[in-house]
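Biologist: I would like to learn how to read a structure like this one. Can we take it feature by feature?

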Amino acid sequence: MAVFIRSVSGVLIILVMIGLGYVLSRRGWFDDQAPRLIARLVTQIALPAYMISTITAKFSAATLKATLPDLRFPIISMTIMFGLSIVAFHLFRIHDDHRGLFESMFLNSNTVFVGLPVNEALFGSKSLPFVLVYYMANTTFFWTLGVYLIQRDGKDKAKFDLKSTLQKIFSPPLLGFIFGVILVMLNIQLPDWIMQDFQYVGGLTIPLSMIFIGTAIAGAGLQNIRIDRDSLGILLGRFIIAPTLMAFLVIPTGLPVLMKQVFILQAAMPVMTNAPVVAKLYRADADYAAIMVTETTLLSLVVIPILMVIVQRIV
């Protein structure tokens with residue numbers, strides 16, 4: 001019962017901030033460009049600073065060396081999930097126009113805008129290296145395979161642009177992570193005033209992420225949420241198949257208990273918030289993607305406490 005209460009408390013912390021973003025958006029505080037600005041501020045400024053300040057303050061070279069090889073578990077999980085997404089596409093008889101979006105959303109999870117705050121609220125900053133390991137795999141899969149799948153739904157012929165893809169993969173958050181790792185590995189200490197700035201700016205990451213989710217939900221419209229074959233397939237993949245698969249992969253291993261718990265929770269995060277943006281860029285069904293982001297994000301607030309209790313019992 002204590003685990004459930006702690007999980008609910010962690011979700012409530014997040015829910016209040018999401019609610020704030022939703023209410024402010026509905027009251028007209030944000031124009032159409034505000035969510036884009038907030039997302040850029042988080043991903044290009046706040047999150048890289050958060051990565052650097054937290055990694056250098058909390059972790060040693062030995063800890064990082066022991067953690068990075070475990071990247072193989074999210075990679076294996078997502079590879080299997082891609083195969084299962086093809087099976088689910090046929091099983092749920094998804095419309096051909098939604099095939100790429102369905103498979104991409106079935107496969108990838110929101111490891112930053114939701115996953116990072118959730119793990120921070122439930123486990124504290126000690127969960128960060130495990131969150132980032134999963135993030136590395138997830139962002140690579142999304143900006144390669146995931147984007148290619150979404151392109152197939154668009155009006156233009158799908159193509160793979162190596163330069164653009166590498167720019168997306170090696171985004172500011174990942175570069176911030178790499179820079180932080182280099183500083184720790186080489187035992188380099190930056191001046192205190194710089195690290196203090198990183199800490200202050202990095203502190204914007206979680207509240208701004210949640211406000212962004214709130215604005216996204218307001219933009220998609222709660223009235224547009226629907227339960228049909230498309231949504232049932234995504235919900236099944238995100239909240240049941242993905243965490244179950246990850247549990248089967250990590251529980252029999254000798255990984256730290258916290259890493260197992262973080263990996264399982266990260267696998268169960270909602271649909272990537274980038275999916276509607278990419279869909280709009282390539283003239284796929286961005287409204288469908290936005291609705292699924294909203295639906296899975298809201299449902300995750302119910303699923304997370306339940307999953308947390310299950311994880312605590314089986315890990």
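Biologist: Let us start with one residue. Is Asp70 buried or exposed?

Modeller: This is a predicted model, so keep that in mind throughout. Asp70 counts as buried, because its relative accessibility is 8% and the cut-off for buried is under 20%.

Biologist: Where does Asp70 sit, and which residues does Asp70 touch?

Modeller: Asp70 is in the loop between α3 (61–67) and α4. Leaving out residues up to four places away in sequence, Asp70 touches Val133, Leu255, Met259 and Phe263.

Biologist: How far should I trust the coordinates?

Modeller: Look at the confidence score. Where pLDDT is low, the predicted coordinates should not be read in detail. Here the chain has a mean pLDDT of 84, and 93% of its residues reach 70 or more.

Biologist: Which helix has the lowest confidence, and which the highest?

Modeller: Helix α8 (residues 162–169) is lowest, with a mean of 64. Helix α4 (residues 72–91) is highest, at 94.

Biologist: Now charges. What should I look for?

Modeller: Side chains of opposite charge can pair when their charged atoms come close. In this model the count comes to three salt bridges.

Biologist: Which residue forms a salt bridge with Asp70?

Modeller: Arg72 does, and the closest N and O atoms are 3.5 Å apart. Compare the two partners. Asp70 is buried, at 8% relative accessibility. Arg72 is partly exposed, at 43%.

Biologist: Which residue pairs with Arg99?

Modeller: Glu103 does. Their side chains meet in a salt bridge, 2.9 Å from N to O. Both residues lie in helix α5 (residues 99–107). They are four residues apart, about one turn of the helix.

Biologist: What is the distance between Arg152 and Glu103 in their salt bridge?

Modeller: The closest N and O atoms of Arg152 and Glu103 are 3.3 Å apart. This pair links distant parts of the chain. Arg152 is in helix α7 (residues 128–153), Glu103 is in helix α5, and 49 residues separate them. Arg152 is partly exposed, with a relative accessible area of 39%.

Biologist: Which residues do the shared partners join into one network?

Modeller: Salt bridges that share partners join Arg99, Glu103 and Arg152.

Biologist: How do I find a pocket?

Modeller: Rolling a probe the size of a water molecule over the atoms shows where empty space is left. Take the second largest pocket here. Its volume is about 510 Å³.

Biologist: How many residues line the second largest pocket, and which lie nearest its centre?

Modeller: The lining has 23 residues. Nearest the centre are Ser53, Thr54, Thr56, Ala57 and Met195. By type, the lining divides into nine nonpolar, eleven polar and three charged residues.

Biologist: Which helix gives the most to this lining?

Modeller: α2 does, with six residues. α2 (34–58), α9 (172–185) and α10 (192–202) each supply at least two.

How values were computed. Residues are numbered from 1 along each chain as its sequence is written. This is a predicted model: local features need pLDDT of at least 70, side-chain atom pairs count only at pLDDT 80 or more; totals for chains, interfaces and linings use all residues. Side-chain values use heavy atoms; hydrogens and water are left out. On a 1 Å grid over the protein atoms alone, a cavity is a set of points where a 1.4 Å probe fits but cannot get out, and a pocket is an open set with protein on both sides within 12 Å along at least five of seven lines; lining residues have an atom within 4 Å of a point. Grid points are joined across faces, edges and corners, and a volume is the space filled by probe spheres set on the points. Ala, Val, Leu, Ile, Met, Phe, Trp, Tyr, Cys and Pro count as nonpolar, Asp, Glu, Lys and Arg as charged, and the others, Gly among them, as polar. pLDDT is the predictor's confidence in each residue, from 0 to 100. Buried means under 20% relative accessible area, exposed over 50%, partly exposed in between (1.4 Å probe, protein chains only). Contact means heavy atoms within 4.5 Å. A salt bridge is a side-chain nitrogen of Lys or Arg within 4 Å of a carboxyl oxygen of Asp or Glu.
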